[in-house]
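I opened the model to look up a few things and wrote down what I found. The entries follow in the order I made them.

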Amino acid sequence: MQGITVNKYEGNKMNVVAFRSGEARYANARETIYALIAESSDGMTSKEIAQRTGWALHTFGRRLTELKDSGKIRSTGQMRYGAEVWIAYRAFPMQLLIEAA
C-alpha cells in the first residue's frame, strides 16, 4: 500500500507521512477493538464497543471489517439490541481442547 501512496502523490513526503500516521491510528483502533471483543465472554456489538470506547458508531466500522477480513473476529449470526454480535476467532478454542481430552 505504501508504494501506491508514494506513486499517487509522486513522493510528496507530507502526504506519505500523513498516510503512515493514519495507518498507525487505524492499527491502534483495531487492537483496541480486538482486545475488547476477545475479553468479552459473550461477544460484543458495535454499539457496545462505542459505549466502552466513547467513539462514535460511524467512526470504526471499517476497523471491524478489517478484523473480520483478516480472520481475527467473526459474527455469531446473532443480533443483540439490533446490532450484530462479534466474537474473537481463536484457532483452537479452549472448550474444544477440553472436550477432546
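**Entry 1: confidence**

The score is pLDDT, the predictor's confidence in each residue, from 0 to 100. The mean pLDDT of the chain is 79, and 67% of its residues reach 70 or more. Where pLDDT is low, the predicted coordinates should not be read in detail. I note that this is a predicted model, in which local features need pLDDT of at least 70 and side-chain atom pairs count only at pLDDT 80 or more, while totals for chains, interfaces and linings use all residues. Residues are numbered from 1 along each chain as its sequence is written, and side-chain values use heavy atoms, with hydrogens and water left out. Helices (H or I, at least four residues) and strands (E, at least two) are DSSP runs, numbered from the N terminus.

**Entry 2: Met-44**

Is Met-44 buried or exposed? Met-44 has a relative accessible area of 4% and is therefore buried; the cut-offs are under 20% for buried, over 50% for exposed and partly exposed in between, with a 1.4 Å probe and protein chains only. Met-44 sits in the loop between helix 2 and helix 3. I then listed its contacts (heavy atoms within 4.5 Å). Leaving aside neighbours within four places in sequence, Met-44 is in contact with Leu-36, Ile-37, Ile-49, Arg-52, Arg-80, Glu-84, Val-85 and Trp-86. Ile-87 is 43 residues from Met-44 in sequence, and the C-alpha to C-alpha distance is 6.7 Å. With residues up to four places away not counted, Leu-36 touches Met-44, Ile-49, Arg-52 and Thr-53.

**Entry 3: strands**

I checked how strand 1 (residues 73-80) pairs with strand 2: the sense is antiparallel, over five bridges. Two strands pair if DSSP finds at least two bridges between them. Ser-75 stands opposite Trp-86 of strand 2. The two strands form a hairpin with two residues between them, and Tyr-81 in the turn has a positive phi of about 55°.

**Entry 4: helix 4**

Arg-63 lies in helix 4. I had it down as buried because its relative accessible area is 8%. The side chains of Arg-63 and Glu-66 are joined by a polar contact of 2.9 Å (N or O atoms within 3.5 Å; within protein, one must be able to donate a hydrogen and the other to accept it, and residues adjacent in sequence count only if both atoms are side-chain atoms). Beyond residues up to four places away in sequence, Arg-63 touches Tyr-26, Ala-29, Arg-30 and Ile-33. Thr-65 is also found in helix 4, residues 61-69, and counts as partly exposed at 28% relative accessibility.

**Entry 5: aromatic rings**

I searched for aromatic pairs, in which rings of Phe, Tyr and Trp (its six-membered ring) have centres within 6.5 Å; planes under 30 degrees apart count as stacked, over 60 as edge-to-face and the rest as tilted. The count comes to one aromatic pair. Trp-55 and Phe-60 form this tilted pair, at 5.9 Å centre to centre and 55° between the planes. Trp-55 counts as partly exposed at 29% relative accessibility, whereas Phe-60 is buried at 2%.
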